[in-house]
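Subject: Structure handover, with notes on its charges

Hi,

Here is the structure I said I would pass on. Have a look at it first, then read my notes on the charged side chains below.

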Amino acid sequence: MKKYLLLTGLILGAFAFARAQSYNFTKTTGTYTDLTGVTSLTNNLTWDDPTATIPLGFNLTIFDTTVSTLYFNEYFLGGSVMASNLDVGRGAAISIFEADLMDRGYEFLAGDDQPGGLSTLSYKIEGTSGNKVAKIEWKNDGFYEEIDSDDTSLQFMNCQLWLYEGSNTVEMHYGPSNVTDVPLVYEDEPGPSIGIFPAINMETYLFE
């Protein structure tokens, strides 16, 4: 079992709307559609605990933090994006599916960045200046604990994070998933950690 920062936060449904450094929660249902025309962050290579940079092309405010770039940080195990790529200090974070994610084609003997990746992390920026939407997609992502336990990957998840310029709206879209062994996949937690966090201290791993 890997030991990293694992968030325990508010379980959300589909949508949250930011207003004056607070969020109102709304849940809706609809058709989930895979993104097209995306920029891949994994490039069809295998991955575990990814690090990557997502340029938004606009300013986004998460509580009282304004950023134009988001980051995958290895300490968040793949299911979150942070306002900072630092290993120390404080930073805001959005966790859409904070579990220990891993490429479903991963082989431990080969390690990271090998050909034959089956799971993707990607993004696209849509819209015109003042009305842009950044869309981040987790597609066909597997789970470390299952692959580590028996070298198989039958369980998976799909989701998208949509971030809106101007309104700072945060939408969490959840697509097809298959989680049959909850204690294994979530390391004895009842499910993934999902939430919007104003500040996390990367040195103490505490919320501030």
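To start, does Asp148 count as buried, partly exposed or exposed? Asp148 counts as partly exposed because its relative accessibility is 35%. Here buried means under 20% relative accessible area, exposed means over 50%, and partly exposed is in between (1.4 Å probe, protein chains only).

Before going on, some ground rules. This is a predicted model, where local features need pLDDT of at least 70 and side-chain atom pairs count only at pLDDT 80 or more, while totals for chains, interfaces and linings use all residues. Residues are numbered from 1 along each chain as its sequence is written, and side-chain values use heavy atoms, with hydrogens and water left out.

**Helix α1**

Asp148 sits in helix α1, which covers residues 144-150 (helices are DSSP runs of H or I, at least four residues; strands are runs of E, at least two; both are numbered from the N terminus). Together with Glu107, Asp150 and Asp151, Asp148 makes up a negative surface patch. For a charged patch, residues need over 30% relative accessible area and no salt bridge, and like charges are joined within 9 Å.

Glu146 is in helix α1 too. This one is buried without a salt bridge, and the nearest side chain of opposite charge, Arg104, is 6.3 Å away. A salt bridge needs a side-chain nitrogen of Lys or Arg within 4 Å of a carboxyl oxygen of Asp or Glu. What does the side chain of Glu146 reach at 3.0 Å? It reaches the backbone nitrogen of Leu154.

**Salt bridges**

How many salt bridges does a search of the whole structure find? The search turns up three.

One of them joins the side chains of Asp34 and Lys139, at 3.6 Å from N to O. Those two are 105 residues apart: Asp34 is in the loop between β2 (22-26) and β3 (39-40), and Lys139 is in strand β10 (residues 133-143). Asp34 is partly exposed, as its relative accessible area is 37%, and Lys139 is also partly exposed, at 31%.

Glu126 takes part in a network of salt bridges with Lys124 and Lys135. From N to O, the Lys124 pairing with Glu126 is 3.0 Å, and the Lys135 pairing with Glu126 is 2.6 Å. Lys124 is buried, with a relative accessible area of 15%, and Lys135 is buried at 10%. Glu126 is partly exposed, at 29%.

Cheers

Notes
Patches are made of residues with over 30% relative accessible area and no salt bridge: like charges are joined within 9 Å, nonpolar side chains (Val, Leu, Ile, Met, Phe, Trp, Tyr) within 5 Å. Accessible areas come from the Shrake-Rupley method with a 1.4 Å probe; for residues, only the protein chains shown count as cover. Lys and Arg count as positive and Asp and Glu as negative; His and the chain ends are not counted. The place of a charge is taken as NZ of Lys, CZ of Arg, CG of Asp or CD of Glu. A polar contact is a pair of N or O atoms within 3.5 Å; within protein, one must be able to donate a hydrogen and the other to accept it, and residues adjacent in sequence count only if both atoms are side-chain atoms.
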